[in-house]
Amino acid sequence: MPDKMSIGIRVNGEDRRFDAEPRELLIHALRERLNLTGPHVGCDTSHCGACTVLLNGESVKSCTIFAAQADGCEVTTIEGVGTPDEPHPLQRAFREHHGLQCGFCTPGMIVRAKRFLEENPDPTEEEIRFGMAGNICRCTGYQNIVKAIRAAADEINATKEAAR
Ligand code: FES
Ligand code: FES
């Protein structure tokens, strides 16, 4: 088996190529080879969701995937969601509803919530809790996280309605 493999992924709209060990996890490649430090390592055992990214549009825990498995795929990290000048509705809602305390879980929460609202654009509180169950907040800020996701859903739906 080669020491290193050449891997090409499209990350946040940009084509990137790097060498990685065959056993290297996607989270480590993103953070250490591509300097995308938004996704965090909270557990390394697939429990916390701090490492969540989108892989070809699906939310995945990037500590459960080899970098090699992402070869040829499209990856979105929190760095590819909104900008400081034009934050995503979820980013605005997390700020306005105090959906973060230390912020460690926030990148994964927002990336998962983005996919969740595509799957279920008008969720109940219970559905939000169920849909976000794979993301853990060690500050236990769940009340406000749920509020923020519900508020972002309202904003996204109102924007869609206005565009009709
Ligand atoms: S670091 Fe991936 S789930 Fe915790
Ligand atoms: S805000 Fe601290 S871990 Fe969630």
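Predicted model: local features only at pLDDT ≥ 70, side-chain atom pairs only at ≥ 80, totals over all residues.
Residues are numbered from 1 along each chain as its sequence is written, and side-chain values use heavy atoms, with hydrogens and water left out.

Rolling a probe the size of a water molecule over the atoms shows where empty space is left. A pocket is an open set of points, on a 1 Å grid over the protein atoms alone, where a 1.4 Å probe fits, with protein on both sides within 12 Å along at least five of seven lines; its lining residues have an atom within 4 Å of a point. The largest pocket holds about 150 Å³ of space, the volume being that filled by probe spheres set on the points. Its lining consists of Ile 78, Pro 87, Gln 91, Arg 92, Phe 94, Arg 95, Leu 100, Thr 106, Pro 107 and Ile 110. Helix H2 (89-96) and helix H3 (106-119) are the elements that each give two or more of these residues; helices are DSSP runs (H or I) of at least four residues, numbered from the N terminus. H2 supplies the largest share, 4 residues.

Elsewhere, the charged end of Arg 138 sits over the ring of Phe 104, 4.4 Å from its centre; the rule requires CZ of Arg to be within 6 Å of the ring centre and within 35 degrees of the ring normal.

Cys 51 is buried at 3% relative accessibility, and Cys 63 is buried at 10%, because buried means under 20% relative accessible area with a 1.4 Å probe, protein chains only. The count of disulfides (pairs of cysteine sulfur atoms within 2.5 Å) is 0.

Note on methods
Chains lettered and ligands numbered in written order. Buried < 20%, exposed > 50% of the residue type's maximum accessible area, 1.4 Å probe, protein only.
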